Amino acid sequence: MNPQPANGSKQALLDVRNVYKSFGGTQALLDVSMRIDEAQLIGLIGPNGAGKTTLTNILDGVYKPNRGQVWLLGERIDGLQPYQIARLGLGRTFQVTRAFRRMTVMENMLVPAMALHPTARRKQVQEKAYSILEFLTIEHLAGEYGRGLSGGQQKLLELGRLLMLDPQVIILDEPFAGVHPKLQETIYGYISRVRTQGKAVILISHDMESIFTLSERLVVLNFGQVIADGQPAHVKEDAGVIEAYLGEEED
Amino acid sequence: MRIHFDMRWAAVLVVLLALGLAPRLMQDSPYQMAVITGAFFYAILASSWALLAGIAGQFSFAHMAFVGIGAYTAGLLGQYLSTGPIIGIITGTLLAGLVGLVIGLLCLRLRAAYLALFTIAFSEIFRIVLLTEFDFTGGSNGLQLSKLWQGITATGEYYVMLALLLGTMAIMYWLTGSRFGLFIRSMREDQEAAAAMGVDVVRYKIVVFVVTSLIAGLAGSVFYYQVGIITPNTLELLQMSLVIAMAVIGGMESLAGAALGAFFSRISLELLREVNIFSLHIELGAWRYAAFGVVLMLTLRFWRNGLLQPVLDRLFGKPALQATVAKRKPSPDSEREELA
């Protein structure tokens, strides 16, 4: 446990402290800090190669930072394995969907719940999974294999798996990319639902319109450093951000 | 649903009855009994390899090495310590599991190709050690093993191996139907995504490797007590390739498919030794392996799920599809409450 939160305030949901990560001679992250105290929707943006994916992989334990610490709900997680971090309460989706293709949709849904609750009865878990699939409008696909789903349906399935894992901090990596507008509405509904459940959401997206509309806070990375962190309206006006990222988009 | 359920159990019953009565139908012919006993042995190996590679996604070439560990342990204990088959089988099985655990701890953090290379190297080293230490192991002459018990007949050996096949299949089906099966299939699909969903991937990789090593060790020790001799040839890559080919032809993602693939392949290989077409008598010899290779290549090219797995799916339905859909659809109100 973390007896002394860094700023002396209440325990953070997620606390990234001075994290460095390099690959050979390439510095991917340079003194990155980010603290999430409440159930906010945080947009994480930055140009390609800014370090978003590296940061995400450090948060979920795929990479270990060279220096710095990561705390989740009062537990230090930067030395833990991905499965341990998932069980502690951090869940993620992937930029390219990673549904279990030769398993049915229902089996996909069962995996996180059974991993999290070893004594859970399969029937109870199935019923919960079914109701989540209904919310995501893909309950009719429960018996289909993952490989039979469209790209958008696979995105919804990944979101459904996250609901089964029930983490406190959720990272959504490009949830709208390549998704039909109708399914995007379902994803908006999903995001609004997990926020009402008191979860923090880190949203990574190149869809600027969505990210500025949805986010309560924006963190901007560039060349592995946080160059802005604040309300979207303020970040939008930040000269450094305009130069590094938004300016590029407008050109 | 009910039709599928009934058909499945009825089919299992018919197969069990046929296997039970087979010795009588074959008038207890020792040759035919030995061929089918060998087919059971390969069915155990192919199905356990299918559990490891086809279902858990861990591509290992060490399965025959674990057979060798089981058989050589039993043989060496008998030769030097005069222990009986029971002790030999138990020790051989446990040692195979222990070696499987060590290999698992050493290299199961590695990804697929590295595990395959590691297990090839391990198998070859083990085979060369057996050949080199001929004073102790008998070298290329092999190692004699006693019979399972005094006076055991070919029919007795048939029933022993059949019981072993049914027992190991039951254990493997129980495992794949449990949460263990769910997790190993998820890690086969995508290790990183499975870990992100809370699955301790390394632990399950090690467990499935140990379980399949135990099964191979057990099958090896029991079978070579029946054969009466074990030689390093058993550990050659060709033998391992044969097991893999049998599993692939049957369907490596299905335990029953792999077992049936091995069973029919083994018997076909035996039948193809000599072919009589009217007055023409052909001795195929090693050519039958070439024919077997052609079947393997055609299977890989045109029937990626194997030749028998699709037939089993068609006959009995796809259990995954039926079993995993929640039977009761909750009312909309209760869903909202549960989700809130």
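B:Ala46 touches B:Val243, B:Met246, B:Ala247, B:Gly250, B:Ala258, B:Ala259, B:Gly261 and B:Ala262, leaving out residues up to four places away in sequence. Touching, or contact, means that two C-beta atoms, placed from the backbone, lie within 7 Å. This is a predicted model: local features need pLDDT of at least 70, side-chain atom pairs count only at pLDDT 80 or more, and totals for chains, interfaces and linings use all residues. Residues are numbered from 1 along each chain as its sequence is written, and chains are lettered from A in the order in which they are written.

**The core**
- B:Ala46 is among the residues with the most contacts inside the largest nonpolar core, which has 171 residues.
- Such a core is a set of buried Ala, Val, Leu, Ile, Met, Phe, Trp, Tyr and Cys residues joined through C-beta atoms within 7 Å.
- Buried means 20 or more other C-beta atoms within 10 Å of a residue's own; exposed means 12 or fewer, and partly exposed lies in between.

**The sheet of chain A**
- Six strands form an open sheet in the order 6-7-8-3-9-10, with mixed pairing.
- Strands (E, at least two residues) and helices (H or I, at least four) are DSSP runs, numbered from the N terminus.
- Strand 6 (90-92) and strand 10 (225-230) of chain A each have a single partner strand, so one side of each lacks a neighbour in the sheet.
- Strand 3 (residues 41-45) and strand 8 (residues 200-204) of chain A run parallel, paired over four bridges; pairing takes at least two DSSP bridges.
- A:Ile42 stands opposite A:Ile202 in strand 8 of chain A.

**Where the chains meet**
- 35 residues of chain A are in contact with 28 residues of chain B.
- Helix 2, helix 3 (105-116), helix 4 (122-135) and helix 5 (151-165) of chain A each give two or more residues to the side that touches chain B.
- A:Tyr83 sits in helix 2 (residues 82-88) of chain A.
- A:Tyr83 is buried because 22 other C-beta atoms lie within 10 Å.
- Beyond its neighbours within four places in sequence, A:Tyr83 contacts B:Ala195, B:Gly198, B:Val199, B:Asp200 and B:Val201.

**Helix 4 of chain A**
- Helix 4 of chain A has 14 residues and reaches 20 Å from first C-alpha to last, close to the 20 Å expected at 1.5 Å a residue; the expected span is 1.5 Å times one less than the number of residues.
- Its buried residues include A:Val125, A:Tyr130, A:Leu133 and A:Phe135.
- Just after helix 4 of chain A, A:Thr137 takes a positive phi of about 65°.
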